[in-house]
Amino acid sequence: MSRVSTDEHVQALRWLVTRFGASRRWSMVAVGAGVAQTVMTLALSALLAHVLHGLVMLRQPLDALAWAWWTLPACWVLRALAGVLREEAGARASLVVRSTLRAALLEALHRLGPAWAAKRQSGALTATLLE
């Protein structure tokens with residue numbers, strides 16, 4: 001890669017970071033929920049392994065493993081809730097980014113004026129604005 005394209009890439013990334021600071025909160029919520037979902041998956045695996053090992057290998061009664069047995073549904077519910085939260089936070093972050101980009105594009109088109117827009121394909125601009 002040439003130095004010019006790298007500089008343009010860095011400049012574009014800086015512009016994105018400054019523009020989308022508002023979506024950072026939702027992005028962090030999505031990441032946190034994803035981590036929580038991963039932790040719940042690991043906890044489910046460990047609990048299930050513990051219960052099966054106790055029942056099959058050690059021939060323990062289910063009463064001796066009751067705490068682990070009844071913790072499994074709680075982990076399933078918490079994992080599902082974390083997944084819902086992750087999806088919702090991701091969708092909200094996406095909405096913030098898209099609306100900010102749309103506003104920036106409209107601002108740039110307004111600044112450039114109708115003469116500039118007349119030289120371009122209006123269908124492509126309209127599709128970009130409405131996506």
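Let me begin with helix α3, whose buried residues are Ala68, Leu72, Cys75, Ala82, Gly83, Ala89, Ala93, Ala104 and Leu109, where buried means under 20% relative accessible area, exposed means over 50%, and partly exposed lies in between, using a 1.4 Å probe and protein chains only. Please keep in mind that this is a predicted model, in which local features need pLDDT of at least 70 and side-chain atom pairs count only at pLDDT 80 or more, while totals for chains, interfaces and linings use all residues. Residues are numbered from 1 along each chain as its sequence is written, and side-chain values use heavy atoms, with hydrogens and water left out.

When I say helix, I mean a DSSP run of H or I with at least four residues, strands being E runs of at least two, and both are numbered from the N terminus. Helix α3 runs over 66–112 and has 47 residues, reaching 69 Å from its first C-alpha to its last, which is close to the 69 Å expected at 1.5 Å a residue; the expected span is 1.5 Å times one less than the number of residues. Just after α3, Gly113 takes a positive phi of about 90 degrees.

Its partner in this talk is α2, spanning 24–57, a helix of 34 residues that reaches 48 Å between its first and last C-alpha, close to the expected 50 Å. What do the buried residues of α2 pack against? They pack against α3, with contact meaning heavy atoms within 4.5 Å.

Leaving out residues up to four places away in sequence, Gln37 touches Arg79, Ala82, Gly83 and Arg86. The C-alpha atoms of Gln37 and Cys75 are separated by 9.4 Å, although the two residues are 38 residues apart along the chain.

In soluble globular proteins, nonpolar side chains tend to be buried together. Here, the largest nonpolar core is made up of seven residues, namely Met40, Leu44, Leu47, Val51, Ala68, Leu72 and Cys75, a core being a set of buried Ala, Val, Leu, Ile, Met, Phe, Trp, Tyr and Cys residues joined through side-chain atoms within 4.5 Å. Within the core, α2 gives the most, with four residues. Cys75 touches Met40, Ala43, Leu44 and Leu47, again not counting residues up to four places away in sequence.

Between the two helices there is a loop, and Arg59 is found in it. Is Arg59 buried or exposed? Arg59 is exposed, with a relative accessible area of 71%, and its phi is near 55 degrees, a positive value in a residue other than glycine.

Finally, let us turn to the lining of the largest pocket, to which α3 gives the most, with eight residues, while α1 (3–19), α3 and α5 (122–130) each supply at least two. By class, this lining has six nonpolar, one polar and six charged residues, where Ala, Val, Leu, Ile, Met, Phe, Trp, Tyr, Cys and Pro count as nonpolar, Asp, Glu, Lys and Arg as charged, and the others, Gly among them, as polar.
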